[in-house]
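These are my notebook entries on one structure. I set down what I looked up, topic by topic.

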Amino acid sequence: MTPPSPDQQRSHRLGLLAAWSAYLIWGLFPLYFHALEPSGAWEILAHRIVWTLVVCLGVLLVRGELVGLARLLRSRPRLALAVALAAYVIAVNWGVYVYAVTQGRTHEAALGYFLNPIVTIALGVLVLRETLRPLQWVAVAIGASAGVYLAVVAGTVPWISLVLAASFATYGLIKKRLGASLPALQSLSAETVALAPLAAGVLLWLGLTGVSTFTLDAPLHPALLVLSGVVTAVPLVLFAESARRIPLVTIGLIQFITPVAQLVIGLALLGEHMPSSRWVGFGIVWVALVVLSVDSVLAARRSRVSRRG
């Protein structure tokens, strides 16, 4: 096998750096959203949509891609529909996540992102009729048992975790099924355009009812809300760059940085408490993720051997 060239090695290192940076930024989100108090989940979500739209459109305008994106969406209604559906699904994900952090339930959000790979695989089987390898079936079964265990011991469905896992998995599924194959920045721009009327309505309602917090503690609090556009766009661009440079298996293993960081921040820095029964549930999920990671590594190794043959 031909050893990688210096350019390939450099590209791989840059991809790893981009992936680690993206997932670390996402892992630090609880600290950022906690700093936005006293803004509520709806207000944070609305500002996040508006300022992300401003950032994305500004970058596309500078790069001369804005008119081309508009023409593409007008000429491909199926793509535009996929973008709109994906936008509202990811808005649910963003809103529930912010709600979890502002309500002191960051550890439940972390569990949702631990469950996400398992739910994604389950959707692939149920909707896309994909075939699973034996270890993937084992991982899905273990993950499902963790959900049942947590519901039984808590006496209620862990809805935050399930909604976050299901919404993010559905977001990916919609874009795959309907062919929304846009570059990350263009996709995010189109999605925030679809969500802009909702966000504008929320901000208008908050202003008219006198409960908007945008002008509180100026200039720091308004600046933090405006910063949400950059905070949203930067890790997505970094993720897109990493996906172009390093194998998907590597990205799949690095992604667990995010929920680990969220869990540590919630418990160690935000003062959240997690009962021992929930620790057991987390442990079951982690077993499923270990099985899934082993399967991914073995599958990648078999693929490399096949290509060499």
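This is a predicted model: local features need pLDDT of at least 70, side-chain atom pairs count only at pLDDT 80 or more; totals for chains, interfaces and linings use all residues.

**Helix 1**

I looked up helix 1, residues 6-27, and found 22 residues reaching 31 Å from the first C-alpha to the last, close to the 32 Å expected at 1.5 Å a residue. I then asked which residues of helix 1 are buried. They are Gly15, Ala18, Ala19, Ala22, Tyr23, Trp26 and Gly27. They lie on the same side of helix 1, because they cover an arc of only 165° around the axis. On the other side of helix 1, I recorded Pro6, Arg10, Arg13 and Leu17 as exposed.

**Cis peptide bonds and a positive phi**

I recorded a cis peptide bond from Glu37 to Pro38, with omega near 10°. Pro38 lies in the loop between helix 2 (29-35) and helix 3 (41-63). I recorded another cis bond from Ala218 to Pro219, with omega near 5°. Pro219 is in the loop between helix 9 (184-208) and helix 10 (220-245). Asp217 is placed in the loop between helix 9 and helix 10 as well. Its phi is near 50°, a positive value in a residue other than glycine.

**Aromatic residues**

My count came to 15 aromatic pairs. I examined Trp279 and Phe282, a tilted pair with 6.4 Å centre to centre and 50° between the planes. Trp279 and Phe282 are three residues apart in helix 13, so about one helical turn separates them. Trp279 is partly exposed at 38% relative accessible area, whereas Phe282 is buried at 0%. I also noted one aromatic cluster, formed by Phe29, Tyr32, Phe33, Tyr97, Tyr113, Phe168 and Tyr171.

**Salt bridges**

I counted five salt bridges. Arg245 and Glu241 form one of them, with the closest N and O atoms 2.6 Å apart. Both residues lie in helix 10, four residues apart, about one turn of the helix. Arg245 is partly exposed at 24%, and Glu241 is partly exposed at 28%. I then noted that salt bridges with shared partners join Arg105, Glu108 and Arg278 into one network. Within it, the side chains of Glu108 and Arg105 meet at 2.9 Å, N to O. Glu108 counts as buried, because its relative accessibility is 8%. Arg105 counts as partly exposed at 23%.

I next took up Asp295, which forms a salt bridge with Arg133, the closest N and O atoms being 2.7 Å apart. This pair links distant parts of the chain, 162 residues apart: Asp295 is in helix 13, and Arg133 is in the loop between helix 6 (106-126) and helix 7. Asp295 counts as buried at 3% relative accessibility, whereas Arg133 counts as partly exposed at 31%.

**Nonpolar patch**

Last, I asked which residues make the nonpolar surface patch of about 360 Å². They are Leu135, Val138, Val290, Val294 and Leu298. Helix 7 (134-154) and helix 13 (276-308) each supply at least two residues, and helix 13 gives the largest share, three residues. Leu135 is in helix 7. I recorded Leu135 as partly exposed, because its relative accessibility is 32%.

Definitions and conventions. Residues are numbered from 1 along each chain as its sequence is written. Side-chain values use heavy atoms; hydrogens and water are left out. Patches are made of residues with over 30% relative accessible area and no salt bridge: like charges are joined within 9 Å, nonpolar side chains (Val, Leu, Ile, Met, Phe, Trp, Tyr) within 5 Å. Accessible areas come from the Shrake-Rupley method with a 1.4 Å probe; for residues, only the protein chains shown count as cover. A salt bridge is a side-chain nitrogen of Lys or Arg within 4 Å of a carboxyl oxygen of Asp or Glu. Buried means under 20% relative accessible area, exposed over 50%, partly exposed in between (1.4 Å probe, protein chains only). The expected span of a helix is 1.5 Å times one less than its number of residues. The arc is that of the directions from the helix axis to the C-beta atoms. Rings of Phe, Tyr and Trp (its six-membered ring) pair if their centres lie within 6.5 Å; planes under 30 degrees apart count as stacked, over 60 as edge-to-face and the rest as tilted.
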